Amino acid sequence: MLTYLARRILLLLITLLVASLAIFVILEVLPGDAALLILGIEAQDDTLAALRAQMGLDRPAALRYLDWIGGLAAGTTGISHTYDVPVSQLIGERLTLTVPLALFALFLSTLIAIPLGMLAATRRGRPGDYGVMGFSQIGMAIPNFWFAILSILVFAVALGWFPASGFPGWDAGVGTALWALVLPAFSLALPEAAILARVTRTALLDTLGADYVRTARAKGLAPRRVLWGHVLRNALIPMTTIIGLQFAFLLAGSIVIEVVFALPGIGRLIFQAVSQRDLVVLRDVILLLVALVVVVNFLVDVAYTAIDPRTRRAP
Amino acid sequence: MKTMRIVVAIAVASGLAVLAAPAAQAQPKDSLTIGLTLEPPHLDPTAGAAAAIDEIVYANLFEGLTRIDENGAVQPQLAKSWAVSGDGLVYTFTLKDGVAFHDGTGFDADDVVFSLNRARASDSVNAQKQLFAAMDKVEAVDARTVRITLSRPEGALLFNLGWGDAVIVAPESAANNKVAPIGTGPYKFDRWVRGSQIRLAATDEGRAIRKVTFRFIPDPSAQVAALKAGDIDAVANLQAPEAVITLQADPNFEVAIGSTEGETILAMNNTRPPLNDVRVRQAIAHAIDRQAIVDGAMFGFGTPIGTHFAPHHPAYVDLLAAYPHDPARARALLADADQTDLKLTLKLPPPTYARRGGEIVASQLKAVGITVEIIPVEWAQWLEQVFRGTDYDLTIVSHTEPVDIGIYARDTYYFNYDSPSLKALMARLNNTSDQAARNRILGQAQRTITADAVNAYMFQLAKLGVWRKGLKGMWRNAPVQATDVTGVRWE
């Protein structure tokens, strides 16, 4: 188990290093001059040169890469070109929104999907099953930004139950803050729930037909105990994989939702950094997201071994 | 299965019901929340061109020696009066008494000297450094008097000093103004929740609006939703012209359609063949139907222009008749120039006026036999390829700086227009301080660039202000890109 973990962690670090190089090179070839974007179309050449020097953009690319990685290894991030504050501070501020939002959406999607999946699996071929599968089809087909706009029109503009956009901040009170996140979380959760309901149904159906389930039934266990104790437990592996992937997706993929709801999250930070060519911010945030995906995958793998001891022996 | 039903019911209900929280509270009458499209990168107007900076700090937080009012006229601000020498080279300003910066430090002539010298220094990162180009010496005569000596007359000096880029800062706090701005205005910086909002607080008790919150809502339809849901009280410049009709019909809101400094032009690369032939440029000017572009791309909001000048300015000359929409004339000019099967590219930056307007321009040019290939570009790409690299045939962009016809006299500017007669006019303008004489020169400059058909002039952007009924004192026009709330109150 220890060697397994050590090998996985080493692999993780190599992945991050390769990713950092790729990120840096890709951002280098991106057209656009950050200094020109800051100073605009009236700026004069000497002003631009002064700003480029101030931003360190006149140093060779290799040096700038080493500055970046060296800084990260020493635990410091760069100073954002546009905001003029450390990137770590920006990321920290944004994560206090994006992580709770992703967890909230994940919670909602699981809460919706698992009962629906169970309902569909236990009523295979009956109206309940068709209903769930229909919901899932619609949920996957609806673009989440469209659902987001629709929910703003209905629940914020027409009914006035929720704010249309924005985030009051956690210091406004947990209730108020969460209230502002209900519509965005639902918009994020809906397509995820649709997929997860399908996965749950399939996983349950697979296990429902397994020998040990027949044995459990033959022993005379109540159907409910068969479902919860045997079927669901064994269906957890594919479901955990999907949930893990979904969490990474929710963190990285909330750009559109954050823009629609004007939420100050990581997604919008990326959006702004791209449009303002704030490469200092961009490379740190992208690397962070890569790290999150890699770490979540790693944790999901570790979770497998907890759920099913047999996977521990796998290579 | 009964359990199933309960579980499903909980799942569906929980999202709405479990998280019961207080609903939005009623708006107290001494605060104001304004929706803005863009978040400023930082809050130092002397270190960046982003209009979003001035949208928040201009007149509210920072003040200059002079200021520009709602109608574009120069007014005294930190300087209560001034005298100009007969040769127009020496300006002597008398400063207001009893002014302090928000951190308590006093304001005097040394702050003015510091600010102006900082802006024009060789290592300055001021985006509008040319505003200070004529200054030779800035000195403090005494604590309340500043003398500016020019190396050449600069007729626009008082106007230039009213720009956001020329605000007065204190040496003690200037370095931190990007994140913790300290100015002399009636509102001081309170809090910035990055990505979300910036809050200002009034410095004196008597002010009608004590708290101002600027909320950043990038999506135009989200701005409308936020207005209707009561999240915000006003949008100073709505980016969704399609929503204006419904907002005008809504009794809760007031819609004010004003003017901006944004001349929206179909810019042409004057040195690239065949656009180096004036007949081709004139043909393009005749081919476009300005009103159709305003109607189709901007839902009718915008004023057609015939030259690079704002119609609300006293020096404006109506040159719409110079190039009326005349496809036959356009075709004749093209035939005359031997351009029968012309193919051109049109690079379009992201704003709505460009992307939507570009489609219409392309179809209008098609009608006179010019095939246009539309290339959408991002803003950063536009700056690098079109603006810096002048690698383009046609592009659409709005020039939002006030009275910026001087760009036509620059040696390297992206339309690559080089006219000795216009340069001579601009030199004369710089040497003239008399307003009537200046207006005459500006009129000649407008006629010159229109005669040369440097660009095809489309329309002046409108300012679509929307706010809750009862809010008074918001600017209708935008002569500078500011959201001046110093005179705003609830009634």
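Four strands of chain B form an open sheet with antiparallel pairing, in the order 4-5-7-6. Strands pair if DSSP finds at least two bridges between them. Helices (H or I, at least four residues) and strands (E, at least two) are DSSP runs, numbered from the N terminus. This is a predicted model: local features need pLDDT of at least 70, side-chain atom pairs count only at pLDDT 80 or more, and totals for chains, interfaces and linings use all residues. Residues are numbered from 1 along each chain as its sequence is written, chains are lettered from A and ligands numbered from 1 in the order in which they are written, and side-chain values use heavy atoms, leaving out hydrogens and water.

Q: What is the bridge partner of Ala140(B) in strand 7 of chain B?
A: Strand 6 of chain B runs antiparallel to strand 7 (residues 145-150), and six bridges join them. In strand 7, the partner of Ala140(B) is Val146(B).

Q: At what angle does helix 3 of chain B run to strand 6 of chain B?
A: Helix 3 (residues 109-120) lies across strand 5 (90-95), strand 6 and strand 7 of chain B. Axes are lines fitted to C-alpha atoms, for helices over the stretch in contact (heavy atoms within 4.5 Å), and angles run from 0 to 180 degrees between N-to-C directions. Against strand 6 of chain B, the angle is about 165°.

Q: How many helices does chain A have?
A: From the N terminus on, the elements of chain A run α-α-α-α-α-α-α-α-α-α-α-α-α. Chain A has zero strands, and its helix count is 13.

Q: What area do chain A and chain B bury between them?
A: Buried area is the accessible area (1.4 Å probe) that two parts lose on being put together, summed over both. The contact takes 63 residues from chain A and 63 residues from chain B. Carbon and sulfur atoms carry 60% of the buried area, which is about 5,200 Å².

Q: Which residue of chain B forms a salt bridge with Glu93(A)?
A: A salt bridge puts a side-chain nitrogen of Lys or Arg within 4 Å of a carboxyl oxygen of Asp or Glu. The count between chain A and chain B is four. For Glu93(A), the closest N and O atoms are 3.8 Å apart, and the partner is Arg194(B).
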